[in-house]
Amino acid sequence: MLSYVWIAGWTEKCGWWLDDPSDDFCYLMIRQPTKTWQEAQADCKGRQGNLLSIADSDEQGFVRGIAKILMGDASLWLGADASIKRDGDKWTDGSPFSYLRSSAGVAEGGKCLSLLTGSGDWKRDKCDEKRGYVCKKRGK
């Protein structure tokens, strides 16, 4: 059974995706079915988006707050792998990597990054694990 979650109604900017009025982006939170990192990115691409990139602490707080309400404590895929460092690196959507949660650098875990909605931390994760995810795209 599919369990796509939308919070607000339809908007001109985002259609049925979640509209963050503080930026130009739209978000789709997908709790079930869970997917591997590659499957989740392919699903987001098929929806004309990408896995979640996070530009700053405001966006992190917005996405984490909504995801925690809708999904509880979960681990959600981020649109980057664990080799991303900062200067010159890019998210899968091509945006510059300029914001980093301190826990992302922990050496244990896998090669993909996930967001823990409970703590807000990022962690290295095995890319073939099945997780929920958030798709992000620029609004109209």
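1. The chain contains two helices and eight strands, where helices (H or I, at least four residues) and strands (E, at least two) are DSSP runs numbered from the N terminus. Along the sequence these elements follow the pattern β-β-β-α-β-α-β-β-β-β. This is a predicted model, in which local features need pLDDT of at least 70 and side-chain atom pairs count only at pLDDT 80 or more, while totals for chains, interfaces and linings use all residues. Residues are numbered from 1 along each chain as its sequence is written, and side-chain values use heavy atoms, with hydrogens and water left out.

2. Of the 140 residues in the chain, 46% are buried, buried meaning under 20% relative accessible area, exposed over 50% and partly exposed in between (1.4 Å probe, protein chains only). Among contacts (heavy atoms within 4.5 Å) with a separation of 6 or more, 66% are accounted for by residues 24 or more positions apart. The accessible surface of the chain, from the Shrake-Rupley method with a 1.4 Å probe, comes to about 7,300 Å², and 52% of this belongs to carbon and sulfur atoms.

3. Which residues of helix α1 (residues 37-46) are buried? They are W37, A40, Q41, D43 and C44, and they lie on the same side of α1 because they cover an arc of only 160° around the axis, the arc being that of the directions from the helix axis to the C-beta atoms. The cover over these buried residues includes β3 (25-35), β4 (50-51), β5 (75-81), β6 (112-116) and β8. The face turned away from the buried side of α1 carries the exposed residues Q38 and G46, and α1 is followed by Q48, whose phi is positive, near 65°.

4. Within helix α2 lies G65, which is partly exposed, with a relative accessible area of 30%. The C-alpha atoms of G65 and G118 are separated by 9.3 Å, although these residues are 53 residues apart along the chain.

5. The largest pocket is lined by 20 residues, with F25, S53, A55, E59 and K136 nearest its centre. Its lining comprises six nonpolar, five polar and nine charged residues, and α2 (57-71) and β8 (131-138) each supply at least two of the lining residues.

Methods. 1 Å grid on protein atoms, 1.4 Å probe; cavity = no way out; pocket = protein on both sides within 12 Å on 5 of 7 lines; lining within 4 Å. Nonpolar A, V, L, I, M, F, W, Y, C, P; charged D, E, K, R; others polar.
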